[in-house]
Amino acid sequence: MSIGLIYAVTGALLFSLGLYGLIVHAHLIRKILAFNIMGSGTFLVLVGLAQRGGEVDPVPQALVLTGIVVAVSATAFALILARRLYAANGRCTLPGEGEA
Amino acid sequence: MSAGPWLFDLLIAGTLAWIAWRTLVTPDLFKSVVLFIVFGLLMALAWARLAAPDIALAEAAIGAGLTGALLLDAVGHLQAARRKPGKRQ
Amino acid sequence: MTRVLVGMLVVALGALLIWTMLGLPAPSGRVPALVAAHLNESGVAHDVTAVLLNFRGYDTLLEIGVLLLAVLGVLAVRLAAADTGGTLPPPPGALLRAFTNLVVPLMVLVAGYLLWAGAHRPGGAFQAGAVLAAAGVLLRLSGRLPALLPPRFWLRAGLLLGFAVFLAVALGVTVAGDSLLEYPPAQAGAWITLIEATLTVSIGLILVSLFVGAPAPPGEAGSRGGDA
Amino acid sequence: MSTVLSALLAVNWISWVIGLPLTYTIAAFLSGARAGRMLALPALVLSLLAAVGLSARVLAQGPQRHMVGGWGAPLGIELYADGLACLMLLMTAAIGLFTGWYARHYFARQDTGATYFWPLTGFLLGAMNALYLSADVFNLYVTLELLGLAAVGLVALTGGAAALAAALRYLLAALAGSLMYLLGVALLYGAHGTLALAELGARLVPGPLAWTVIALMTLGLALKTALFPLHFWLPPAHGGAATPVSALLSALVIKASFYLLLRLWFEVFAPAVTIPAAQLLGVLGAGAILWGSWLALCQQKVKMIVAYSTVAQIGYLFLLFPLAAYAPGVESAWYGGVYQAVSHAFAKAAMFLAVGSMVLAAGREDIDQLDGISARLPLSLFSFALAGISLMGLPPSGGFIAKWLLLKAALAGGQWWWVVVMILGGLLTAAYLFRVLRHAFLPARRGKRFRALPPALELSAFGLALGSLALGLWASGPLALLRVGAPFAGASP
């Protein structure tokens, strides 16, 4: 097992954990946290799996840089929506998902 | 490859998974966000171990730093709003 | 009940993923070899920067679009005036002011260094932009960045600058008869420097805008008087 | 003359198809709402011309390959335009133009949100064009995110708790879908060392990796396409948005992720997909048709009826997969599925715009407030009915051609049960559409007041409804374009 593969396996775990959190949590900020963990896991798989032979691959590294910027954009947007929703109806959850 | 660095990577990997789990299940939202920032810093360490210093820099600055700041700001705001009596309009 | 079901499903997913990955043969290394082989034609000496701004520059162009979209979204979903309370900083203490005075010029220097370094070692527009944004956030916290938003014309121009220059270069080179973003080989370095410098400014401004939060839209600039 | 034509054919249309909407976005954001509104129609017309130019070139010279940066795969990103991509580009440009025309007048009336509608729409159209042309799985991920954020921004424009909740639900679903897709990309690159669609198609072999990738990417894209039972986010987002936004989302945006699924299944996954997997997609499609139509029948708000109708019509798209799984039906199924995507786009855009006008005129969203519409807005009601013909699959409409091709594929492959689903779906569609018509034909109640509408609101919907009809009357043109570079070369439907 190479270093790359160790982190790729960790990435798969983080993706699954994040997906679980995204589905079961009702609180919007927790959903956003879970999405970020899921994203980090995906990024680890992207680089770790490509580098499982021990050789450094700049292409997936560049892809992950792009992915991190996309993730922070989505996070900022989701947070503003959540705050605005809270201002509008005083709830941190989506309708139908209950206050958790 | 000797066993030393290997163990170090397994330690980082295990800690990452554990902190991610704590982030998701900690009842206190503020603590969750702090744990998430720690998670981001550990990710930066993982990137350095993967010989990806560019990502390590970006993860520390954007992933942990900016995302963390955004989340802390949002949580602080929600909790401040909640402490005030009555609903805000 | 749902939790147990979802839990079982994601455990199964994780196991499937790990089992799949462990069964893969060693990678071919074809693409890293190609990157190394063409690095000297890319106009920069650092491989990740070469991928980001030359080989796969089109991804980066669209990605700046994603950042801009986040700002557009934040502006569109503007908070009601009362709700900006959370983002308003407390009155700055003397310590914070002194700290800001000391650190912000330093951060601008670091950003400049990161931008310059990106051509031949780790660093580049994104990291530099993030450091600029951190400086902006500090200025904001110490009350030195009044009424950055709602975005007046010049701020909007700054937000758009990186994307606009990048797009203009991408389309401009096609008019000369080549593909989208196909820099003339001799000038690749110069174009990339121009794009990276403008991207740094725009990324910094975009990230600060995301942090400063949702202001009133430009149309209402006069009536709101700042973002408070 | 011929030199002019050949010069026009030689233009690098691919760059402009992507570049024009993005350039418009920059101008619209920089100079504010008024300029965005004034520049919209010229920009949309130019985009349509660029799509026409590219299609002419593809018809004349065959599929076009464009190596961005001049590198070529696997080092660089390649763009690829065949008949399928061109048809989607034409559909996007045409519907964008008519919806933009509608929006100019719609937002002139109620100004909230108008400021950001224009730049967001520019991004939305540019992202779709980039998606249709991309031949690189990671680049496709970036276009998906661009598209998703633009769409969510547009949903949120209306403000208000309901719109914000709908936008957030949509955003979270879209993000989860994109990450599943991206994990598939990570596995594909890890295993095969390339991101180019064509190379991946040549290298993928049946096995655990291929099946995991197929499952992840199909699930992610099905979530983004709102395939039953993953449609939970669609009705509030499409039904609650501003009317031009509803039209763009329901007609176009869901087609983008469906298109990507189609490309992947036919050009990358083909060696590894199994018949049970295709049948599963078909079963979900059938579920969408029946459940979506039933819920459409139960709605009280007119725009929600149209939104649930989208959930149902998406189901027909997914019948393509089981129908194409057996050799005798594969061509009809593929052409039928794509034709359904295009004709549904025209019909649904027309229907949303027409219904939006009715709601605007009546001032209420409920179906029992539509009385008097037939006398007051006959053209809008006529557009609604014409679009309905296409949705029901009756001749002469694009929907008829699509459903005819799908039926033909079902009979050729001996899969008669899909025929039953389609007939039931058609009947339910008729039921919910006639429910709207019945209310609209009631005489206006005493003292009922209507708002006067600018004629452009009615005319733009009518133009789109005529488009959905034209797709049935002149089907040979679009089908000939589709044939260029289709996965089954040379064959006709």
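Visitor: In which sense, left-handed or right-handed, does helix 16 of chain D pass helix 17 of chain D?
Guide: This is a predicted model, in which local features need pLDDT of at least 70 and side-chain atom pairs count only at pLDDT 80 or more, while totals for chains, interfaces and linings use all residues. Residues are numbered from 1 along each chain as its sequence is written, and chains are lettered from A and ligands numbered from 1 in the order in which they are written. Helices (H or I, at least four residues) and strands (E, at least two) are DSSP runs, numbered from the N terminus. A crossing is left-handed if the near helix is turned anticlockwise from the far one by less than a right angle, and right-handed if clockwise; for helix 16 of chain D passing helix 17 of chain D, the crossing is left-handed.

Visitor: How is helix 16 of chain D oriented to helix 17 of chain D, parallel or antiparallel?
Guide: Helix 16 (residues 398–412) and helix 17 (residues 416–441) of chain D have axes 7 Å apart and pack at an angle of about 155°, with axes fitted to C-alpha atoms over the stretch in contact and angles running from 0 to 180 degrees between N-to-C directions. Angles under 35 degrees count as roughly parallel, over 145 as roughly antiparallel, 65 to 115 as roughly perpendicular and the rest as oblique. Helix 16 of chain D is therefore, relative to helix 17 of chain D, roughly antiparallel.

Visitor: How many charged residues has the contact of helix 16 with helix 17 of chain D?
Guide: Residues are in contact if their C-beta atoms, placed from the backbone, lie within 7 Å. Lys403(D), Leu406(D), Leu407(D), Ala410(D) and Leu411(D) of helix 16 meet Trp416(D), Trp418(D), Val419(D) and Met422(D) of helix 17. Ala, Val, Leu, Ile, Met, Phe, Trp, Tyr, Cys and Pro count as nonpolar, Asp, Glu, Lys and Arg as charged, and the others, Gly among them, as polar. The contact has eight nonpolar residues, no polar ones and, as for charged residues, one.

Visitor: At what angle do helix 12 and helix 17 of chain D cross?
Guide: Helix 12 of chain D passes helix 17 of chain D in a left-handed crossing, and the two are roughly antiparallel to each other. Residues that meet include Val302(D) and Ser309(D) from helix 12, and Trp418(D) and Tyr432(D) from helix 17. The axes of helix 12 (residues 302–323) and helix 17 come within 11 Å and cross at roughly 165°.

Visitor: Which pair of chains shares the most contacts?
Guide: Chain B and chain D do not touch, with their nearest C-alpha atoms 12 Å apart. Of the five pairs of chains in contact, the most contacts are shared by chains C and D.

Visitor: Which element gives the largest share of the side of chain D that touches chain C?
Guide: The contact of chains D and C takes 47 residues from chain D and 46 residues from chain C. Elements giving two or more residues to this side of chain D include helix 2, strand 1 (64–67) and helix 4 (114–133). The largest share, eleven residues, comes from helix 5 of chain D.

Visitor: Which helix gives the most to the side of chain D that touches chain A?
Guide: The contact of chains D and A takes 23 residues from chain D and 28 residues from chain A. Helix 5 (137–156) and helix 6 (160–192) of chain D each supply at least two residues of that side of chain D. With 18 residues, the most comes from helix 6 of chain D.

Technical notes: Two residues are in contact if their C-beta atoms, placed from the backbone, lie within 7 Å.
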